[in-house]
Amino acid sequence: MSAERRRKAEKIRHLLETEGDAVHENITHMNAERYDAIERFDDFEALREEARAIKEDAIADLPALVEQVRESVEANGGHLYVADDAADANRYITDVADSKDADTLVKSKSMTSEEIEMNDALEAAGVDVWETDLGEFVLQVADEGPSHLIGPSLHRSREDVADLFNEVFDPEEPFETAEELTAFARDYLGEKIHAADMGMTGANFVLADSGTITLVTNEGNARKTAVTPDTHVAVTGVEKILPSVEELQPFVELISKTATGQDISQYVSMFTPPVDSPTIDFENPDDPLGSGDGEREFHLVLIDNGRLDMREDDQLKETLYCIRCGACANSCGNFQHVGGHAFGGETYTGGIATGWEAGLRGEEAADEFNDLCTGCSRCVNACPVKIDIPWINTVVRDRLNGDATPSEFEFLVEGLTPDAEDSVDLQKRLFGNFGTLAELGSKTAPLSNWTAKLGPVRSLMDEYLGVSRERDLPQFQRETLVEWFESRRPRAPNADATRKVLLYPDAYTNYVLVERGKAAVRVLEALGAHVELASPIESGRAPLSQGMIDTASEQADAVAADLEPYLEAGFDVAVIEPSDLAAFRREYEYLLPEAAHDRLAENSYDVMEYVYGLLENGADGSTLAAPEEPVAYHSHCQQRTLGVEAYTEAVLEDHGFDVVTSDVECCGMAGSFGYKSEYYELSMDVGEDLYEQFADEDDRTLVASGTSCTEQMGDLFGRDVTHPVELLDPGP
């Protein structure tokens, strides 16, 4: 393994050992609450659509909304400052502190202040800063960065926090329980709020027509921070503006459910500062309210720091729709195991972090963690504003590829990659062009399979191509699916049938897992369909996963051209590999003209979805193989995102199979991810959840729809794994 990959692997291993258990436990709990809250909420999808439309309009109108906020805030008696960057924002805020002779400042709910490193700037100016959110207070005491957008210290267990507080604060009776820790922090920070000269908050939303600041919190410290000191500074990103309270409701509904799984947060505070609450003189507690010596003062600092440039970037613009709920991180299999100290940048974490860090600090800021997004797309359905987070990660990966320095070991992948991507890292070029490699491996099998197993060859592949020595490699078949199909007599026995379907042979099905392709042909024909086989052209999904968009576009064009005559002739398209179906239905939106994408998306089906349709429309299921053994089934991430996994379960159960289905978030493989040397251990750690779920199912046939799931389960269980269509195969 190269030095760089070894460094990444060591960092991930360290975080798995030190923070992984707490991250996994806390996110598992948050996800359970999130699923329940969304299940109870009938309007979830409708509000997602509404919220998305509101954010699209608000970002489009952002310059005008900023000026409207300025008018509203100044009309209320406050001050608005739009800061160009971190230095500009910190200069303004420290000037305010200086003008108030402030010695202490208390903060709440401001991720943006973390982004601009405001604490450091204030402390350099002689102001003591205290975090009043419990999680952020823990980080301040521990001198750590946040690991999650809404749970900054979730990488720490209660026991960790107790040890930390006992060491730092040396209480008479050591802290043990959560109640003791919370009570101590509440009293300690209450005194800090009491004595503070200034209060600072963030803002979940800013309403342009009234200058109202909305804070959605579960601790009462935010409202205390805002109104106890006489001077309140709110710091937030310029993208947080909404036109009016009329547009606020969907976001208040969505953020609590997707962030913490609550129907509504404990506190939804709406301030229109400077507030009318009477000032308080804490030095003279017996004096009546309003006897304090100061007038209330309010400053709203809206931070650009790259956001307005992101607004002009068609690929990164969607990042500005983010409402910082953290659902993308919670839905991510990798994040659930390793957390934001691996899967994040200087400030932002999780799937959306790539967009934020690249937009605010430049693409290279996302280089360290961008590859941890496997493109499984589970975060797409989790995002309350429907941001296509995997696509943002793909785009940034593509831009980073363009900056790579050509390697002296180019000869190792010579002939495997197109010229368009000749600056891409060798490892990515190898995995991004699996179809070419598979074709070569098939033509030279079994020699290719034997050679690939040799120890020195594996060592070279590990060192220079980053292919893990621990992972079994695919076994290429000498006879491809296309060759088998062409050699059959008759080649298409149902040529006169009215139902016509084109089976798409992905690279794995054509060159490696050929039997599942044969089974699909035989099952569809047994149900009365006329089956033809498409040309074995890669879909582009493999290069997309490596950020090779030019290559993916070329392959998408080729696939569309190959399939078009069949679509014109009334064929449906059946797809065996779920990630290819996801490409047809989703990613091709970015790669093909709109009409070509729409037509392919509307006429493409998961092969088991298509079988379900044939059976529901009168096909004779008795022509299929009868159940022999109970099965343990794991569906594919992108099947779930597309909502087609239920068809497989329905077909198997209706056909008489005894089915146990996994509900784990991810198998941990996600295509090439688990093959990569630096990520192999994380891949296996993620896979442990699936292993534990099926560990007692020894008498069941293991079944998976996706290639990556098949390979991961094969390694985890040491047993053969079957595609569901093979269970129905009536045989030759």
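User: Is Met270 buried, partly exposed or exposed?

Analyst: The model is predicted. Met270 lies in strand E9, which spans residues 267–271. Its relative accessible area is 43%. Buried means under 20% and exposed over 50%, so Met270 with its 43% is partly exposed.

User: Which residues make the nonpolar surface patch of about 320 Å²?

Analyst: Residues in such a patch need over 30% relative accessible area. Met270, at 43%, is one of the members. The patch is made by Val245, Ile264, Val268 and Met270.

User: With which residues is Val227 in contact, leaving aside its neighbours within four places in sequence?

Analyst: Val227 is found in helix H11, residues 221–227. Apart from neighbours within four places in sequence, the contacts of Val227 are Phe271, Val275 and Arg296.

User: How much area do domain 1 and domain 3 bury between them?

Analyst: The domain assignment gives domain 1 as 1–40 + 314–403 and domain 3 as 481–728. Their centres, taken over C-alpha atoms, are separated by 27 Å. The contact takes 32 residues from domain 1 and 26 residues from domain 3. Carbon and sulfur atoms carry 54% of the buried area, which is about 2,800 Å².

User: Which residues of domain 1 lose the most area to domain 3?

Analyst: Three residues together account for 22% of what the domain 1 side buries. They are His337, Arg378 and Trp391.

User: How many salt bridges does the rule find across the interface of domain 1 and domain 3?

Analyst: A salt bridge needs a side-chain nitrogen of Lys or Arg within 4 Å of a carboxyl oxygen of Asp or Glu. Across this interface of domain 1 and domain 3, the number of salt bridges found is 4.

Note on methods. Residues are numbered from 1 along each chain as its sequence is written. This is a predicted model: local features need pLDDT of at least 70, side-chain atom pairs count only at pLDDT 80 or more; totals for chains, interfaces and linings use all residues. Side-chain values use heavy atoms; hydrogens and water are left out. Patches are made of residues with over 30% relative accessible area and no salt bridge: like charges are joined within 9 Å, nonpolar side chains (Val, Leu, Ile, Met, Phe, Trp, Tyr) within 5 Å. Accessible areas come from the Shrake-Rupley method with a 1.4 Å probe; for residues, only the protein chains shown count as cover. Helices (H or I, at least four residues) and strands (E, at least two) are DSSP runs, numbered from the N terminus. Buried means under 20% relative accessible area, exposed over 50%, partly exposed in between (1.4 Å probe, protein chains only). Contact means heavy atoms within 4.5 Å. Domain bounds come from an automatic or database domain assignment. Buried area is the accessible area (1.4 Å probe) that two parts lose on being put together, summed over both.
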